[in-house]
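Let's take a friendly walk through a protein model. Keep the picture open beside you as you read.

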Amino acid sequence: MSESRSLPQIQDWIEHLCTTLDVDSSAVELRALLDMTRDVAHHVDRPAAPVSAFIVGLAAAREGGMREAVLAASERAATAARTWERS
């Protein structure tokens with residue numbers, strides 16, 4: 001599915017889930033999260049992507065949970081994935 005077709009559906013899902021979980025949807029940085037999970041899937045391991053998104057959420061919550069915290073945590077995770085070397 002093309003990005004232009006899937007993003008509106010994802011946005012609808014995000015709005016629904018945020019309402020369901022009583023989360024401010026303005027803190028959801030979709031592009032940053034998708035980019036981060038792509039980097040994790042490609043550079044680490046595909047199953048690590050959703051776990052990484054959860055950890056990014058924990059880190060962002062610790063920093064106040066707003067947009068800037070999500071962006072910063074997503075970027076740090078993406079950088080960690082791109083530079084990670086298996087031992």
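## Before we start

This is a predicted model, so a bit of care is built in: local features need pLDDT of at least 70, side-chain atom pairs count only at pLDDT 80 or more, and totals for chains, interfaces and linings use all residues. Residues are numbered from 1 along each chain as its sequence is written, and side-chain values use heavy atoms, with hydrogens and water left out.

## A chain of charges

Side chains of opposite charge can pair when their charged atoms come close. Here the search was for salt bridges, meaning a side-chain nitrogen of Lys or Arg within 4 Å of a carboxyl oxygen of Asp or Glu. Across the whole structure it finds seven of them. One joins Asp 35 to Arg 31, with the closest N and O atoms 3.1 Å apart. These two sit four residues apart in helix α2, so about one helical turn separates them. (Helices are DSSP runs of H or I with at least four residues, numbered from the N terminus.) Asp 35 is partly exposed at 24% relative accessibility, and Arg 31 is partly exposed too, at 37%. For these labels, buried means under 20% relative accessible area, exposed means over 50%, and partly exposed is in between (1.4 Å probe, protein chains only).

What does Asp 39 pair with? Arg 38 meets Asp 39 in a salt bridge at 3.2 Å, N to O, and Arg 82 forms another with Asp 39, its closest N and O atoms being 2.7 Å apart. Through shared partners, salt bridges join Arg 31, Asp 35, Arg 38, Asp 39, Glu 75 and Arg 82 into one network. Asp 39 itself is buried, with a relative accessible area of 6%, while Arg 38 is partly exposed at 40% and Arg 82 is partly exposed at 40%.

## Two residues in helix α4

Is Ser 74 buried or exposed? At 1% relative accessibility, Ser 74 counts as buried. It lies in helix α4 (residues 67-83). Leaving aside neighbours within four places in sequence, Ser 74 is in contact (heavy atoms within 4.5 Å) with Ala 32, Leu 33, Met 36 and Val 56.

Ala 69 also has its place in helix α4, and it is buried at 12% relative accessible area. With neighbours within four places set aside, Ala 69 touches Ala 60 and Glu 63. Ala 60 turns up again with Ser 74: their C-alpha atoms are 8.6 Å apart, and they are 14 residues apart in sequence.

## The largest pocket

Rolling a probe the size of a water molecule over the atoms shows where empty space is left. The largest pocket has a volume of about 730 Å³. Its lining has 24 residues, and those nearest the centre are Cys 18, Val 23, Val 28, Leu 33 and Gly 57. Which helix gives the most to the lining? That is α3, with eight residues. Helices α1, α2 (30-43) and α3 (48-62) each supply at least two.Here, a pocket is an open set of points on a 1 Å grid over the protein atoms alone, with protein on both sides within 12 Å along at least five of seven lines, and lining residues have an atom within 4 Å of a point. The volume is the space filled by probe spheres set on the points, which are joined across faces, edges and corners.

## A nonpolar patch

Trp 13, Leu 17, Leu 21 and Val 23 form a nonpolar patch on the surface, with about 390 Å² of accessible area together. Such a patch takes residues with over 30% relative accessible area and no salt bridge, joining nonpolar side chains (Val, Leu, Ile, Met, Phe, Trp, Tyr) within 5 Å and like charges within 9 Å. Areas come from the Shrake-Rupley method with a 1.4 Å probe. Trp 13 has its place in helix α1 (residues 3-21).

How values were computed. On a 1 Å grid over the protein atoms alone, a cavity is a set of points where a 1.4 Å probe fits but cannot get out, and a pocket is an open set with protein on both sides within 12 Å along at least five of seven lines; lining residues have an atom within 4 Å of a point.
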